[in-house]
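Hi,

Here is the structure I promised to pass on.

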Amino acid sequence: MKKTFNTYSLTAFSLCKCIGIYLVMLSCFLMWTMAAYAHAVPTEKVLESLLDQGEEAFAKNKHLEALKFFIKAKQIADDKSKPSYQCLARYDIGVCYFLMSEHGEALHNYYEAYKICQENDLGRNRKAKIINGIAGVYFEQEDYKRAYDFVLPCYRDSKNMNDTLSLQTFTTDLSLICNK
């Protein structure tokens, strides 16, 4: 009987050990999953919050303050590989620099936004918005030929797509450029 008791105790001990190892592994897996989920969800909320704060500052003509929010959003979007936010943050940074008359920085950020937009197929409306910004910089620099060269394909595309809102924007742009 004593031999049976020891075998039973040994089996029970082995079973408890296996269950313990299983529970530790399950706990580790759950903590890893929760950590991964916790990092995925807040990233977009943080980015949206930063962009919203930047837009609020921008609306109050606090371009430098807005720029800080947009740059922080760009850094996080780059770190987390979020192309849509990378594009939007760079576009917003370009707008801030444009209004601060930093045309070189504005162009740099617009071109980066355009590149991200193209590589990730973020839509023709976003692309058109970026191109409009690029054309605006060239217009301000009195490089009307380059501005025209950027706006004309967008005008044609809008016309072919029957996109009346974009068509109106690019028609206005072309009118301004042609009057120079």
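Before the rest, some housekeeping. This is a predicted model, so local features need pLDDT of at least 70 and side-chain atom pairs count only at pLDDT 80 or more, while totals for chains, interfaces and linings use all residues. Residues are numbered from 1 along each chain as its sequence is written, and side-chain values use heavy atoms, with hydrogens and water left out.

On the pocket terms: the search runs on a 1 Å grid over the protein atoms alone, and a pocket is an open set of points where a 1.4 Å probe fits, with protein on both sides within 12 Å along at least five of seven lines; lining residues have an atom within 4 Å of a point. Grid points are joined across faces, edges and corners, and a volume is the space filled by probe spheres set on the points. For classes, Ala, Val, Leu, Ile, Met, Phe, Trp, Tyr, Cys and Pro are nonpolar, Asp, Glu, Lys and Arg are charged, and the others, Gly among them, are polar. Helices are DSSP runs (H or I, at least four residues), numbered from the N terminus.

The largest pocket holds about 200 Å³ of space. Of its 13 lining residues, N132, A135, G136, F139 and D173 are the closest to the centre. α3, α5 and α7 each supply at least two residues of the lining, and α5 gives the most, with six. Here the classes come to nine nonpolar, three polar and one charged.

Of its 38 residues, Y110 and I130 touch the most other members. Leaving aside neighbours within four places in sequence, I130 is in contact (heavy atoms within 4.5 Å) with C87, Y91, Y110, A113, Y114 and C117.

Last, H103 lies in α4 (residues 103–120) and is buried at 18%. Beyond four places in sequence, H103 touches F98, V137, E140 and Q141.

Cheers

Methods: Buried means under 20% relative accessible area, exposed over 50%, partly exposed in between (1.4 Å probe, protein chains only). A nonpolar core is a set of buried Ala, Val, Leu, Ile, Met, Phe, Trp, Tyr and Cys residues joined through side-chain atoms within 4.5 Å.
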